[in-house]
Amino acid sequence: MLITQLKSQEAIEALAQGKTVIINCHGCKEVYFAEHEADAFQKELSANKEVTQIITTDYICNPDNLKLQLKKHTDVINAADTILVFSCGVGIQTVAALFEGKKVYSCCDTYPLPGFQGVTPLNVDCGQCGECYLNGTGGICPITACSKSLINGQCGGAKEGKCEVDKNMECGWERIYRKLEKLDKLDNMKYDAPKVRNYNNPNAE
Amino acid sequence: MEDYTKFKLKRKEELDAVLADKNDLFVVACNKCFKELDSFDEPECGLFEEIAKEQGKNIVGSAQIDFLCNEPLTSKAFQDLIPQDAKNVFVISCGLGIQTMAGLLDIPVYAGSDTVTVDGYHGMALTTTLCEACGQCYLNMTGGICPVVDCSKSLLNGQCGGAKNGKCEVDKEMDCGWQLIYERLEKQGRLQELLDKPVELRDYTKVNHKFVSEYVKSVREERYEGYYGGIHPTEFKELSEHIGLVPFPDPVNVVIPMSQHAGAPAEPIVKVGDQVKMGQKIAQAAGVVSSAIHASVSGTVVAVEPRRHPVSGLDSLAIVIQSDGKNTLDESVKPAGDIDSLSADEIIEIVREKGIVGMGGAGFPTAVKLKSPKPIELVLLNACECEPILTADHRVLLEYADEVIYGLKAMMKASGAPKGVIAIEDNKLDAVELMQAKTADIENIEIVVAKTKYPQGAEKMLIKRVMGKQVPSGGLPMDVGAIVCNVSTAKAVSDAIQLGMPLIERVVTVSGNRMNKPGNYLVKIGTSVKDIVNHCGDVKGDDVTVKIGGPMMGFAQADLNVPMLKCSNGIIAVETIVKEAVECIKCGRCMDVCPMELRPLYFTKFALEENWEGMKAQNTMDCIECGCCEYICSSKIPIVERIKIGKTAIREGK
């Protein structure tokens with residue numbers, strides 16, 4: 001799951017050189033897109049710069065759909081010097097690949113959110129490590145719930161159940177302990193030897 | 001097609017070890033996402049069960065489910081599914097599904113699978129373009145090729161020097177990312193730009209946990225606010241919400257179709273050549289679920305013949321009246337008294353006689369709703385107007401507040417409901433304030449402000465939001481003691497009682513970003529859509545779709561020579577949507593937004609296969625055709641169209 005945030009206005013303004021076409025992607029708007037901020041900013045930009053077209057469409061990460069949606073704007077895009085894209089990193093790269101000869105710029109930074117794409121953001125996250133640790137931990141993931149991704153227990157730095165790296169975060173290992181306690185499975189922590197994480201290539205097998 | 005499955009069964013040795021001390025297993029498998037929807041029975045529960053049986057384990061049951069990570073739906077599905085004698089649950093899914101189950105159940109949950117990274121992880125399409133979501137996009141310096149993903153070392157300051165013939169030294173199958181960047185920038189004449197720019201160091205600080213967790217919380221709250229799912233399309237209400245109502249210039253001819261309501265078409269009681277007066281009944285109800293129809297102008301009946309109908313698109317019987325421009329009132333148009341002096345049955349009779357039907361879109365005869373065989377505890381006035389662009393209800397609230405409240409009181413009396421609620425979305429705060437002030441002294445009428453979300457105005461959603469009750473599958477609002485009516489309907493009820501005026505005109509929004517002069521008009525029923533569009537300065541551009549109703553559920557019109565109906569709340573001109581449907585990739589977004597908690601992805605498949613049994617089993621008939629699934633579909637599948645095909649087939653008894 002991705003979250004896109006607008007880059008600073010100065011940064012974007014500096015990028016808008018010459019005839020500029022703006023492409024907005026609303027495909028994942030239900031997840032996150034700073035629609036109103038982007039809209040207000042683009043109006044301002046249109047007043048100061050030579051914005052020849054603002055295109056709002058969806059799922060520009062799909063190259064076929066992107067081509068279809070941009071078809072009627074071909075002339076404007078061909079005449080443009082710069083294309084500004086408001087989308088996640090996948091969308092920007094797809095536009096850049098379609099217009100290899102054009103300056104395609106990103107107006108957003110992309111951050112990860114818990115959960116995979118397509119599903120409402122979740123409270124749980126998966127690090128896709130390829131060797132699921134959930135069996136020994138009562139179903140709480142030490143890779144994502146512990147800020148240090150420790151696999152052999154608490155680091156000792158937590159204070160009152162809060163992580164020492166980020167005080168807003170609960171200590172993942174304390175959560176694991178509480179869950180195992182509830183399940184009467186604390187022995188898991190004593191006897192199961194930690195499975196060393198294989199960073200090599202989880203796809204190899 | 002490539003396999004994007006994010007999980008694989010754990011190795012047998014590992015499973016053997018985990019299974020060793022556990023028995024009485026329940027096995028849950030997720031039907032995988034992001035794969036071509038070719039069959040529904042996906043996962044290899046079987047393989048896991050074999051391993052468990054080899055060890056002599058007792059398997060008490062198993063389940064396969066779609067989108068296990070969708071917590072609200074999963075928790076409902078598992079409410080009574082896991083038998084008491086299950087001691088351990090094994091889940092075969094990605095890490096999200098396993099953790100979701102572990103969070104839901106009180107017995108131990110174990111992973112039967114490992115989760116792996118696959119291409120196309122981010123973005124909605126099955127693409128090989130990746131984004132690391134590093135939080136500081138480098139694409140502006142690199143010609144739109146990502147150095148974090150496309151360089152195996154994620155270098156930010158250029159080639160490492162190890163590439164041979166353009167191939168990476170780490171993985172010889174992979175192109176050197178920096179060489180790709182170099183070539184693209186060279187092509188664009190931007191090499192100097194790259195050389196001049198200082199390297200922007202990567203900030204590896206983890207994204208602020210508080211920011212992310214609060215954001216996730218807010219998105220989830222919004223998504224589940226009031227009822228499950230729903231969407232937030234761009235509203236475009238600012239185009240017309242501030243424009244006051246104006247009577248539309250009197251039409252020369254009106255075409256009044258006999259089908260303007262749910263149920264049987266009305267039967268004409270006038271013939272060609274007859275002189276009619278404004279408000280005169282010209283057609284009578286044909287049965288209980290039907291409605292009378294009245295002349296919206298005075299003049300001469302010039303035709304009683306089939307004319308093109310805006311909803312069905314087919315020709316259907318209509319009465320055409322040529323106006324004499326005088327609007328002479330019929331003798332039947334006179335005040336009927338007031339609420340206190342009228343009995344419940346008398347009010348219902350007035351509502352029936354004056355041809356009042358639901359004006360929010362469906363056109364269900366209001367008198368039938370009011371004459372409920374079940375006790376009614378609440379009349380819910382629907383002023384959500386959740387469709388984008390439309391502002392007709394908003395204007396009615398602002399300009400006819402007293403009439404709306406009067407109509408609500410009349411309907412409460414007619415149905416015997418002790419309580420009335422006016423539900424307004426929070427994008428109409430001026431209307432909320434006004435209605436709150438007007439109802440401050442009325443004890444049994446409450447104003448409910450609902451957070452804007454489409455399709456809140458669907459009666460089942462609104463009942464859930466306001467009353468917290470669920471209308472049973474196939475049921476009606478009266479099954480939970482509610483009557484839901486549009487605000488314009490309440491205004492019409494008030495006019496019928498206070499003025500004796502039948503339903504012959506309504507408020508219509510004419511808007512959309514392709515309409516030259518948006519506005520809100522009082523339009524006579526039967527006025528030509530073409531005349532209205534012309535009056536409003538016609539449409540802009542040649543890629544325009546004109547719809548009657550809102551952009552989500554409105555009916556697109558190929559020919560504008562159609563009349564406005566009692567339930568036509570808007571004429572909108574919007575950019576034509578160009579799309580080509582591709583295969584469903586099981587992204588799960590349709591299930592994520594369906595307010596009826598259905599699984600639209602199944603319908604798309606079943607409609608093509610003509611699998612009507614499957615359609616029935618997936619509760620197709622519960623679909624309210626709100627179009628959320630189609631709006632969000634990353635494969636651009638015309639889902640609603642396919643659902644309608646299925647519904648028609650089921651109705652025909654297939």
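Modeller: Happy to! Let's start with one pair: the side chains of Lys72(A) and Glu575(B) meet in a salt bridge, with 2.5 Å from N to O. By salt bridge I mean a side-chain nitrogen of Lys or Arg within 4 Å of a carboxyl oxygen of Asp or Glu. Between chain B and chain A the count is five salt bridges.

A word on the ground rules. This is a predicted model, in which local features need pLDDT of at least 70 and side-chain atom pairs count only at pLDDT 80 or more, while totals for chains, interfaces and linings use all residues. Residues are numbered from 1 along each chain as its sequence is written, chains are lettered from A and ligands numbered from 1 in the order in which they are written, and side-chain values use heavy atoms, leaving out hydrogens and water.

Back to the interface. The rule finds 15 residue pairs in polar contact across it, both residues at pLDDT 80 or more. A polar contact is a pair of N or O atoms within 3.5 Å; within protein, one must be able to donate a hydrogen and the other to accept it, and residues adjacent in sequence count only if both atoms are side-chain atoms. Several elements of chain B each supply at least two residues to the side that touches chain A, among them helix H1 (12–19), helix H4 (95–104), strand S5 (109–111) and helix H8 (209–224). Helices (H or I, at least four residues) and strands (E, at least two) are DSSP runs, numbered from the N terminus. H8(B) gives the largest share of that side, ten residues. By type, the residues on the chain B side divide into 38 nonpolar, 26 polar and 24 charged. Here Ala, Val, Leu, Ile, Met, Phe, Trp, Tyr, Cys and Pro count as nonpolar, Asp, Glu, Lys and Arg as charged, and the others, Gly among them, as polar.

In total, 88 residues from chain B and 80 residues from chain A take part in the contact, where contact means heavy atoms within 4.5 Å. The two chains bury about 7,200 Å² between them, 54% of it on carbon and sulfur atoms. Buried area is the accessible area (1.4 Å probe) that two parts lose on being put together, summed over both.

Now for a sheet in each chain. In chain B, four strands form an open sheet in the order S17-S16-S15-S18, with parallel pairing; two strands pair if DSSP finds at least two bridges between them. Strand S17 (445–450) and strand S18 (482–486) of chain B are at the edges with a single partner strand each, so one side of each has no neighbour in the sheet. Further in, S15 (378–383) and S16 (419–425) of chain B pair over six bridges, and Leu380(B) stands opposite Val421(B) in S16(B).

In chain A, an open sheet of four strands runs in the order S3-S2-S4-S5, also with parallel pairing. Four bridges join S4 (82–86) to S5 of chain A, and Ile83(A) has Val104(A) as its bridge partner in S5(A).

A cis peptide bond, with omega about 0°, joins Tyr454(B) and Pro455(B), and Pro455(B) sits in the loop between S17 and helix H14 (459–467) of chain B. Ser154(B) has a positive phi of about 55° although it is not a glycine.
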